[in-house]
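Q: Can you walk me through this model? I'd like the overall picture, then the core.

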Amino acid sequence: MNWLEGLNPEQQQAVSHNYGPLLILAGAGSGKTTVLVARTGRLIAEKIADSKSICVLTFTNKSARELKLRVQKKVGQQAKGLWAGTFHSFGLQLLRKNYKLVGLPAQFGILDQSDSQHVVKDLIKNIKNTTKEKFDIDKILNLINLNRCGKKAAPDYLPEYHEMAEVLTPLYERELKKLGVTDFEGLLLEPLRLFKKHPEVLESVQNQYQQIMVDEFQDTNKEQLELVNFIAAKHLNLVVVGDDDQSIYGWRGAEIQNILNFPKAYDRCEVIKLERNYRSSSSILDLGNAVIQKNIKRHGKVLKSEKTKKLEHEKPEVFILDNEDEEADFVCREIINFKAKGIQYKDIAILYRSNTQGAFIESSLRKNQIP
């Protein structure tokens, strides 16, 4: 099979990479999944790496499944041992294998956010504090997790929150051990502690995974980067794929510096830019490029459209509206205008950023009798 067939020159360069650190800067709609699939398949098919020695870390189980299926479809049985999954899945697998070393039972459970809140509530009840009923449990839990990761909290937290979280952090970790469980934060923190306390476990993992790939690298946090650095330290065969221009998850711990500093962190790191966009017309990309180039901290790249020219005359428009109600009414007026021009409802789509916006739009659609 020719793994480079149908790929552009930059994609071919990325797929042909065998050893050492590589940063693939993949702009929106530039075919990064195709590159990851082709590179993984080629490494296996050309016997550069055994499938069992390849680890692909992704941010959703869905993207991991898609990658595995596409590789298996092309390579067949050879790809069976390939490991692809989320950082949390990786941590869970490691803890299941080494549960005794981290003081967990063989069939340990995993707490979700709601379970963790209940644990914190119960712990607060036993603390002598006159204002304990007034604490926002979500905020306390957030501060506990920041303490566990050794991170500083935003300065807008009240001093009593910091004090309470300081007291609760060791109690919370002790309670998890007592219950024989971990939480999502623990699926990253426990493997890091395991690697530091038991170098033989780290060596075993490093020997097993000779090729590491990380998708959506701009969304990694401090612990995920540390985990990747540990695993790749022995052989340095580390390929990270991402786009600093799409880094929007700083509010949940993503560190933009991880992708910005990667070429400096690894000697002889190769950088390949995927700048050909297969999704949007030039008029849309020109607008995006013009906006994003104002950012100071970024890897420079300019997306260029590979689409046919038939849509070039249609320019994107931006409307600034005062509030959600006005926005929803505006959307309905636009739909009514489109309908008057002969466009059918089934050819119209409304995309919104968060689910809370949906209620306003649905209400306005009903009011305007738009099905």
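**Fold and core**

A: To begin with burial, this is a predicted model, and 42% of the 371 residues of the protein chain count as buried.

Q: What does the secondary structure come to?
A: The protein chain has 15 helices and 10 strands.

Q: And what does the C-alpha trace span along its principal axes?
A: About 65 × 60 × 40 Å.

Q: How much of the contact set with a separation of 6 or more comes from residues 24 or more positions apart?
A: Such pairs account for 77% of those contacts in the protein chain.

Q: OK, the core. Which residues touch the most other members of the largest nonpolar one?
A: F90, V214 and L238, in a core of 35 residues. Among the elements that each supply at least two residues of this core are the strands β1 (22–26), β2 (54–58), β6 (211–214) and β7 (238–242).

Q: What is F90 in contact with, leaving aside its neighbours within four places in sequence?
A: F90 is in contact with C55, L57, W83, V205, Y209, L227 and I231.

Q: Which residues does the second core include?
A: That core is separate and has 28 residues, including A26, L67, A79 and L82.

Conventions:
Residues numbered from 1 in each chain as written. Predicted model: local features only at pLDDT ≥ 70, side-chain atom pairs only at ≥ 80, totals over all residues. Heavy atoms only, no water. Helix = DSSP H or I, 4+ residues; strand = E, 2+ residues; numbered from the N terminus. Buried < 20%, exposed > 50% of the residue type's maximum accessible area, 1.4 Å probe, protein only. Contact = heavy atoms within 4.5 Å. Core = buried A, V, L, I, M, F, W, Y, C linked by side-chain atoms within 4.5 Å.
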